[in-house]
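Dear colleague,

Please find the structure below, together with its sequence. My notes on what was found in it follow.

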Amino acid sequence: MELKMKTLPAFMVSAAAFAISAAPLSAAVYFGSAYEPFDYAPGTLAGQNGGSGFNASGDGSAANTSSWTASAAGASVTAGSLTYGGLYPASEGNKGSLVSSGSNADFRRPLEQTVNEGSFYFSYLTRRTAATERTVNVAFFTAATGGSEVFAIGQFGTGTYAAGDNRFQVSPHNTGSNYLAPASAIEYGLNQVHLVIGRLDFDVAGGATDRLTIWVDPTDGDLLNAWANGIDALTPYLTVDFDGSAGFGNISGIAAFRPFVGGTVTGHTAAAADFDEFRFGSTFQQVVPIPEPGSTLLGLLGVCGFIGRRRR
């Protein structure tokens, strides 16, 4: 008896091929989305594994497979959330806080994915709570534990750091004094909540460059403009190319993130800061999920007009 194979329709073959190519276990793009609102009781942060999407597929309905690790002292969950603007989503839970004494303080969490293709977006809220120029930043690493620091965003204060400069800067590859900031920089300030949005694009410019773009403190109008026209409609705060031309080699991958504050060094007292609302995804809308942006836009247009340029 001769068996004959039935030919599948072309669209079914294409769909099957797409499903195979998109399987999260074999790809290095970021899948799904993750959210950490620090919805824990005030107290110890180390060992907490809440939020959503911290797994290999970024599936918010699946169990998280990573937990926070933290320095022995100075890292905790504190009551209350950070809030920002009139459109940014209402915060949930509490917040993560770092208070340094004589030594550094940090907490770290793996994404449970290693990302080195496509576009990777992130956002978070932060507030400096000690009047010092000592280091306060969020850094990304190549491995879930250990690994190399790929870049950090925040203020950077060391023993040779110029006093009075608490600008938002980027440190590529933890390269000592190579701190980058625009001419019209935004200062961290004291007890001021900031929204940081970032995008890491791998293999741009013919595959030779990995590009980090960040936006700091967009206005409500900025966010609406970005929802309507894409984040590239807004002027970036800073763009950094990792292509070797400035000594910043390409990025091998992103696997974990770490909020950090520095301890006492010559010329600078210890730092302290709050962090909240960490979001990760492959689109801008996943990391700044404005509720019902269409109706909100219509309301604002009727009151104050549309604002299309980012606040400098």
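A pocket here is an open set of points on a 1 Å grid over the protein atoms alone, with protein on both sides within 12 Å along at least five of seven lines, and its lining residues have an atom within 4 Å of a point. The model is predicted, so local features need pLDDT of at least 70 and side-chain atom pairs count only at pLDDT 80 or more, while totals for chains, interfaces and linings use all residues. Residues are numbered from 1 along each chain as its sequence is written, and side-chain values use heavy atoms, without hydrogens and water.

The largest pocket is lined by 14 residues; Thr-135, Asn-137, Phe-156, Asn-174 and Tyr-179 lie nearest its centre. S9 and strand S14 (254–261) each supply at least two residues of this lining; strands are DSSP runs (E, at least two residues), numbered from the N terminus.

Both strands also belong to an open, antiparallel sheet of six strands in the order S3-S6-S14-S8-S9-S10, where pairing requires at least two DSSP bridges between two strands. Strands S3 (69–70) and S10 (169–172) are at the edges with a single partner strand each, so one side of each has no neighbour in the sheet. Four bridges join S9 (residues 149–155) to S10 in the antiparallel sense, and Phe-151 has Pro-172 of S10 as its bridge partner.

Kind regards

Conventions:
1 Å grid on protein atoms, 1.4 Å probe; cavity = no way out; pocket = protein on both sides within 12 Å on 5 of 7 lines; lining within 4 Å.
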